[in-house]
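I opened a new structure today and kept notes as I went. Here is what I looked up, entry by entry.

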Amino acid sequence: MNEKKLKKILKDAVTDKKIRTGTKEVLQYIKGTNLILYSNTLPVQTLDKIKKISEESNIPIYRHPGNSISLGRLCSLSYGTSMVSLKNIPEEEVNSVLNTQ
């Protein structure tokens, strides 16, 4: 999948308010999450914590190759974010994101 498709999925999630941004918010509202995306600038300790939670909750995670600024831009946000979670998005969109790794 190319970056345009990922950007469209993230932009639609923002428009439909199906997205949580930032590590604290993602962790606080982990229930009902379909997919977690994180930037390559996420601290290792936080990444380990997210990986553990995602394994326990059976939530797939995706590593975005860019930094937090580029992840924020992909989501059409005016700020950078090191982590986002998507809720109530179709399974086909989750699979299309995961198939890019």
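**Positive phi values**

I began with backbone angles. Just after helix 1, I found Lys 17 with a positive phi of about 55 degrees. Helices here are DSSP runs of H or I with at least four residues, strands are E runs of at least two, and both are numbered from the N terminus. Most residues other than glycine have a negative phi. I looked for further cases.

Asn 58 has a positive phi near 60 degrees and is not a glycine. I placed Asn 58 in the loop between helix 3 (44-57) and strand 3. Asn 58 counts as exposed, at 69% relative accessibility. For the terms, buried is under 20% relative accessible area, exposed is over 50%, and partly exposed is in between, with a 1.4 Å probe and protein chains only.

Ser 76, also not a glycine, has a positive phi of about 60 degrees. Ser 76 sits in the loop between helix 4 and strand 4. Its relative accessibility is 40%, so Ser 76 counts as partly exposed.

**Ground rules**

I noted that this is a predicted model, in which local features need pLDDT of at least 70, side-chain atom pairs count only at pLDDT 80 or more, and totals for chains, interfaces and linings use all residues. Residues are numbered from 1 along each chain as its sequence is written, and side-chain values use heavy atoms, with hydrogens and water left out.

**Helix 1**

Next I took helix 1, residues 3-15. Helix 1 has 13 residues and reaches 18 Å from its first C-alpha to its last. That is close to the 18 Å expected at 1.5 Å a residue. The expected span is 1.5 Å times one less than the number of residues.

Which residues of helix 1 are buried? I listed Leu 6, Ile 9, Leu 10 and Ala 13. Seen down the axis of helix 1, these buried residues fall within an arc of 90 degrees, so they line one face of the helix. The arc is that of the directions from the helix axis to the C-beta atoms. An α-helix has 3.6 residues a turn, so residues three or four places apart point the same way. On the other side of helix 1, Lys 4 and Thr 15 are exposed.

I then asked what covers the buried residues of helix 1. The cover includes strand 1 (19-21), strand 2 (33-38), strand 3 (61-63), helix 4 (68-74), strand 4 (83-87) and helix 5 (91-98).

I picked out Ala 13 from helix 1. At 3% relative accessibility, Ala 13 counts as buried. Setting aside neighbours within four places in sequence, I found Ala 13 in contact with Lys 18, Ile 19 and Leu 86. Contact means heavy atoms within 4.5 Å. I also checked Ala 13 against Pro 90, 77 residues apart along the chain, and their C-alpha atoms are separated by 11 Å.

**Helix 5**

In helix 5, I found Val 94, Ser 96 and Val 97 buried. Seen down the axis of helix 5, its buried residues fall within an arc of 165 degrees, so they line one face of the helix. They pack against helix 1, strand 2 and strand 3. The face turned away from the buried side of helix 5 carries Glu 91 and Glu 92, both exposed.

**Charges and rings**

How many salt bridges does a search of the whole structure find? It finds two. A salt bridge is a side-chain nitrogen of Lys or Arg within 4 Å of a carboxyl oxygen of Asp or Glu.

In one, Asp 12 pairs with Lys 8, the closest N and O atoms being 2.8 Å apart. Both lie in helix 1, four residues apart, about one turn of the helix. Asp 12 counts as partly exposed at 30% relative accessibility. Lys 8 is partly exposed too, with a relative accessible area of 49%.

Arg 20 and Glu 25 also meet in a salt bridge, at 3.1 Å from N to O. Arg 20 is partly exposed at 26% relative accessibility. Glu 25 is partly exposed, at 28%.

I came back to Arg 20 for one more entry. Arg 20 lies over the face of Tyr 29, at 4.0 Å from the ring centre. The cut-offs are NZ of Lys or CZ of Arg within 6 Å of the ring centre and within 35 degrees of the ring normal.
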